[in-house]
Amino acid sequence: MRSLQILGSKKILVSFVILLAYVLIGMSAPYIAPYDPNEQHYQDAYKPPFFTSGDWRYLLGTDSLGRDIYSRVLYGARPALFVGVVGAFFAALIGVSLGIISGYYSVRIGEVIMRLVDIWLSLPAVVFSICLIAVLGIGLGNVAIAVIVIDWTRFARVVRSEVLNLKEREFVLAAKAIGMSGFGIIRKEILPNLLPLLTVLFTLEMSIAISVEVLLSFAGLGVKPTEPSWGSMIAEGLTYFRTSFWGACIPLIAVIIIILALNYLGDGLRERMDPRLLVIR
Amino acid sequence: MIRGTYVIKRLVAAVLSLFGVATIAFVLFRIVPGDPARLMTAPGIKAEDIERLRASLGLSDPLHIQYVNWLSGLMHLDFGRSYWLKAPALDVILERLPATLELVFASIIIATVLGVIIGVVSVMKAGRLSDKVATSASFIGFSIPDFLWGVLFVIIFGGLLKLLPVSGRIDPAISLKPVTNFMVIDSILQVNFIALQSSLTHLLLPSLALALGLIAIIHRTLRSSLLDILQEDYILTDRSKGLPEWYIFFVRAFKNGALPVLTIIGVQISFVIGGSVIIELIYGWPGIGTLSLISVNRRDLPVVQGIIVIYSLITIIINLAVDFLYTKLNPKITYG
């Protein structure tokens, strides 16, 4: 239906624009932020945003140490997007590779890998990530590692079942018949057909990776304490939420928007992909 | 008989999973930087005293000995002694477990009730505005992670509207004898309505935050499965037989439509349990979530390992239960 089509692409368009905006903001934060995110103005602490206080010096107010929330929110996009992209990318790399291996090659290896996935999944994700950070130490890179180590299973499972399907399709059988090597088949026939699925999964994984970064930073286990992050801003804002809830509210809204955008993007992409599971030859 | 071998196979798989988890829990903390003994002592202490402490904690034994001790201890339900709290790790964990379980159970109950209601309404008004609204709300409920909902509720209901308490399990001024350590149950058992009201209001926000994601999933699953079933032939036959619509819906369709929901609840429970950790942090809830955060910081290895094993045990048990329940309810499934 015409309207559905427009709706589908509107979702994708809007979400993608939002995602792009966040990336641009993250990359240009040092140039567009009015203040240094760690600069403290003690006498101006706990100020609400300009529409409540009328003070245009601090657009979105200040936190308990007088740091400009607007600048900190802009900078906060950097750790979130870093973990989002890097974490999702490598989780995908590992998960997809293992998924293809367990789906395409012998059943035995596949079973072993899936058994591993099952054990992995019975470990509580949050506790496991906390323990990983305890082992590796605080820091963005380690947060990304935590995301990768915990969430590769998401890709592995889905990719495996999809590969099992694709293996029986006529173009794969045809490729086998003309003597194409296993690796060649994977490269030319299977991977291109996995791409739509992978894009959807990737956006989902990004949103999860960002939530993990926010969660760990919230618990004090993410970014270094000197770095601004939405998670640590929320935690700090919660300490005085009865006086002024804006300190926690602003970074919360920032996170919610990007997460919703990523999920809508994935959803929109999935809607477009489904009836058009194009077979790429 | 075939059923019997299936049961045994699943139990063996479960035990193996648990074994794998225990191993991971062990390995994880043996490669840790951060010596538990050093963390327990003042900075000026002599090296040989630290070594004595480590030996008393069993940390100087060769790794494989520690591993064997850990595993054999597990089989006797001995998780070792907490380094910090001078008590068996298992006791420490079990003391705080009811708090977490109460939170998790409350979330699951809320999620199931609300999810089913909204799902049923969605199906009955399929395609109309209320359905679209419910589906969008579901999407948002599912996308935003539970701890963010937790923070949002604190801000809105605690800060803005000042309607509900956001800290602790019960008003500290109320005195309640800890019998089961489940606040709600204890309140009922001791017929203390003030305590009951207080414990329920304290339980409401954190469990609702945890439940939202599950509500969304239940709604979506129930909706799609019911809509599918309502197209089936036997529903058509029932209609032509003249059975009343409500009967068809609730008795015939619902029973079968509920099955996928049951499976999905089983799958999601481990995520609810995982999410409870940060929710506990946000709401000052004294459960094993906060215990795990504290213990990881202090490198209280027995407690941390114990918590990991307990979490996984709960997940595995619930998965087993859901599996078996499913095989009982669905006569079509084969035991393979």
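How many of the 336 residues of chain B count as buried? I looked this up first, and the figure is 39%. I note here that the model is predicted.

**Entry 1: chain B as a whole**

I listed the secondary structure of chain B and found 13 helices and zero strands. Along the sequence the pattern reads α-α-α-α-α-α-α-α-α-α-α-α-α. I then looked up the extent of the C-alpha trace of chain B, which spans about 85 × 55 × 40 Å along its principal axes. For contacts in chain B between residues at least 6 apart in sequence, I found that 71% join residues at least 24 apart.

**Entry 2: chain A as a whole**

I repeated the list for chain A. Chain A has 10 helices and zero strands, and its pattern is α-α-α-α-α-α-α-α-α-α. Its C-alpha trace spans about 75 × 50 × 30 Å along the principal axes. Of the 281 residues in chain A, 48% are buried. Among contacts in chain A between residues at least 6 apart in sequence, 72% join residues at least 24 apart.

**Entry 3: where the chains touch**

I looked up the contact between the chains, which takes 30 residues from chain A and 37 residues from chain B. On the side of chain A, the elements that give two or more residues are helix 4 (107–122), helix 5 (125–136), helix 8 (182–218), helix 9 (230–238) and helix 10 (246–273). Helix 10 of chain A gives the largest share of that side, eight residues. By class, the residues on the side of chain A divide into 24 nonpolar, four polar and two charged.

**Entry 4: helix 9 of chain A**

Why is helix 9 of chain A largely enclosed by the rest of the structure? I counted it as enclosed because eight of its nine residues are buried. The buried residues are A:W230, A:G231, A:S232, A:M233, A:I234, A:A235, A:G237 and A:L238. In chain A they pack against helix 3 (69–104), helix 8 and helix 10, and in chain B against helix 7 (146–160).

**Entry 5: the nonpolar core**

I looked up the largest nonpolar core, and it has 158 residues. The residues with the most contacts inside this core are A:V147, B:V151, B:I278 and B:I307.

**Entry 6: helix 6 and helix 9 of chain B**

At what angle do the axes of helix 6 (residues 129–143) and helix 9 (residues 193–229) of chain B cross? I read roughly 135°, with the axes coming within 8 Å. Helix 6 of chain B is therefore oblique to helix 9 of chain B. The crossing of these two helices is left-handed. On helix 6 of chain B the contact is made by B:A134, B:S138, B:F139, B:G141 and B:F142. On helix 9 of chain B it is made by B:L212, B:G213, B:I215, B:A216, B:I217, B:H219 and B:R220. By class I noted seven nonpolar, four polar and one charged residues in this contact.

**Entry 7: helix 5 and helix 12 of chain B**

I looked up a further pair, helix 5 (residues 89–124) and helix 12 (residues 288–298) of chain B, whose axes come within 8 Å and cross at roughly 135°. Helix 5 of chain B is therefore oblique to helix 12 of chain B. From helix 5 of chain B, B:I93, B:R96, B:L97 and B:T100 meet B:I288, B:G289 and B:L291 of helix 12. This contact has four nonpolar, two polar and one charged residues.

Conventions:
Residues numbered from 1 in each chain as written. Chains lettered and ligands numbered in written order. Predicted model: local features only at pLDDT ≥ 70, side-chain atom pairs only at ≥ 80, totals over all residues. Axes fitted to C-alpha atoms, helices over the stretch in contact; angles between N-to-C directions. Helix = DSSP H or I, 4+ residues; strand = E, 2+ residues; numbered from the N terminus. Parallel < 35°, antiparallel > 145°, perpendicular 65-115°, else oblique. Left-handed = near helix turned anticlockwise from the far one by under 90°. Contact = placed C-beta atoms within 7 Å. Nonpolar A, V, L, I, M, F, W, Y, C, P; charged D, E, K, R; others polar. Buried ≥ 20, exposed ≤ 12 C-beta atoms within 10 Å, placed from the backbone. Core = buried A, V, L, I, M, F, W, Y, C linked by C-beta atoms within 7 Å.
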